[in-house]
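Please have a look at the sequence and the structure first, and then read on.

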Amino acid sequence: MTTAHRVAVIGGGPAGLMAAEVLSAASVAVTVYDRMPSLGRKFLMAGRGGLNLTHSEEMGGFLARYGAAQAPLKPLIEAFTPAALVAWAESLGQETHVGSSGRVFPKSHKASPLLRAWLGRLQAQGVEVKTLHDWLGWDQKGALRFATTDGEIAATPDATVLALGGASWPKLGATGAWTDVLARAGVAVTALRPANVGFDVAWSDVFRDRFHGQPLKNVGVSFAGQAARGDAMITREGLEGGSVYALSAPLRDAIAASGSAFLEIDLRPDQTIGQLTARLAVPRGGQSMTNYLRKAAHLSPVEINLLREAHGVELALTAGGLARAIKAAPIRLTGVRPIDRAISTAGGVALTEVDQDLMLRARPGVFVAGEMLDWEAPTGGYLLQACFATGVAAAEGVLRRLAS
Ligand SMILES: Cc1cc2nc3c(=O)[nH]c(=O)nc-3n(C[C@H](O)[C@H](O)[C@H](O)COP(=O)(O)OP(=O)(O)OC[C@H]3O[C@@H](n4cnc5c(N)ncnc54)[C@H](O)[C@@H]3O)c2cc1C
């Protein structure tokens with residue numbers, strides 16, 4: 001491969017930048033185009049939560065997180081594994097560590113030093129960056145069209161990698177506007193939907209005003225036979241947070257089908273109904289229900305009031321009834337929060353539309369990587385891992401095509 005080959009990478013997020021790195025390392029002349037004034041804005045936002053790069057669980061369990069997309073993603077993630085991602089981060093000066101939940105983070109818990117070092121490497125490898133270039137599609141001759149501050153321009157590279165992201169947090173650059181362009185080009189695109197997202201709950205006014213912004217720490221949540229553990233957050237609109245996101249795909253689909261869904265919250269997942277019943281068997285005496293629950297079961301005000309939201313103001317009076325209420329508080333979710341507040345996006349370019357090199361069957365020479373492909377996964381590092389792995393795979397597909 002020589003710099004006689006020119007490749008356009010459109011989208012400067014993790015997937016596009018990884019494709020640019022692999023291509024430029026093979027001496028291809030790469031131009032990264034992005035519609036925003038700077039690259040990697042969502043990656044930097046992920047850094048605010050500590051930048052969960054990947055997860056340390058064994059490969060079988062890891063791959064299962066991708067659900068229906070597990071089979072097509074398997075060879076790509078096996079070719080660029082979580083261990084390879086850790087080695088890559090460390091090669092950019094970012095040592096990593098495994099958190100208590102098995103999640104992998106840079107020790108700095110920030111994205112900015114990693115992104116800075118990465119962009120430095122890309123520059124050293126000769127990658128050209130063109131920001132404020134909004135890709136509009138192709139013209140009639142097949143050239144790429146970009147809207148720029150100086151008007152429209154065209155580009156005719158030897159191959160193109162599209163890494164335009166999903167549609168969550170659109171102010172960070174990825175708006176999903178590409179779905180119309182690709183649909184017009186004859187590519188099947190599954191509707192973009194929010195993933196890892198919060199839900200609407202019709203809280204009482206009193207509960208909403210008093211408890212919005214307060215966390216429910218280390219709760220168990222379950223829905224339709226699936227369960228998760230972690231924190232949840234009361235919001236003015238409803239519920240969000242890690243444990244809720246973990247079940248957001250089946251909850252979202254159930255709400256789409258029938259208008260609402262009941263999420264069951266276990267406020268004391270480490271105690272059995274028997275243990276809780278024993279704790280609550282102390283005489284209540286003249287105490288208010290609130291004081292009794294606070295002292296006997298160590299429930300916080302937000303937890304006690306959540307029980308009232310779930311079970312009605314008049315809580316059960318027996319110790320066993322209260323224990324059962326604490327272990328299973330049903331909260332009716334009435335809607336899904338909008339995609340612009342979701343962590344990630346489900347839907348996108350159907351995986352049947354690309355070959356094993358992630359090249360569009362309908363558009364030879366055009367490869368697709370990252371969140372714009374139709375897969376979804378929970379939080380935990382699975383999102384970035386798949387973005388990086390598909391970026392590597394698309395770049396290697398480009399190299400194979402250029403070589404042939
Ligand atoms: C708040 C938050 C926290 C997160 N935390 C984590 C985490 O800890 N771990 C994890 O694994 N994942 C996390 N994610 C998800 C992760 O950041 C994304 O999955 C990932 O950034 C997607 O990478 P991508 O390269 O596919 O797309 P993006 O990062 O969205 O990049 C797409 C790029 O394409 C550009 N673009 C779009 N359309 C055009 C166009 N028409 N022309 C030119 N350029 C265009 C955009 O400007 C953007 O720069 C988080 C997401 C959010 C919102």
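**Fold and ligand shell in brief**

Among contacts in the protein between residues at least 6 apart in sequence, 69% join residues at least 24 apart, a contact meaning heavy atoms within 4.5 Å. This is a predicted model, in which local features need pLDDT of at least 70 and side-chain atom pairs count only at pLDDT 80 or more, while totals for chains, interfaces and linings use all residues. Residues are numbered from 1 along each chain as its sequence is written, and side-chain values use heavy atoms, with hydrogens and water left out.

**Overall build**

- The protein contains 15 helices and 19 strands; these are DSSP runs numbered from the N terminus, with helices being H or I of at least four residues and strands being E of at least two.
- Its C-alpha trace spans about 85 × 40 × 35 Å along the principal axes.
- Of the 404 residues, 51% count as buried, that is, under 20% relative accessible area, with exposed being over 50% and partly exposed in between (1.4 Å probe, protein chains only).

**Around the ligand**

- The ligand is surrounded by 29 residues, the closest being Asp 34, Asn 52, Trp 135, Glu 371 and Leu 384; a residue is included if one of its heavy atoms lies within 4 Å.
- This shell divides into 15 nonpolar, 9 polar and 5 charged residues. Ala, Val, Leu, Ile, Met, Phe, Trp, Tyr, Cys and Pro count as nonpolar, Asp, Glu, Lys and Arg as charged, and the others, Gly among them, as polar.
- Helix 1 (14-25), helix 2 (41-48), strand 7 (134-138) and helix 15 (382-403) each contribute at least two shell residues.

**Two residues with positive phi**

- Leu 132, in the loop between strand 6 (128-130) and strand 7, has a phi near 55°, a positive value in a residue other than glycine. Leu 132 counts as partly exposed because its relative accessibility is 38%.
- Asn 218 belongs to strand 13 (residues 215-223) and has a positive phi of about 45° although it is not a glycine. With 36% relative accessibility, Asn 218 counts as partly exposed.
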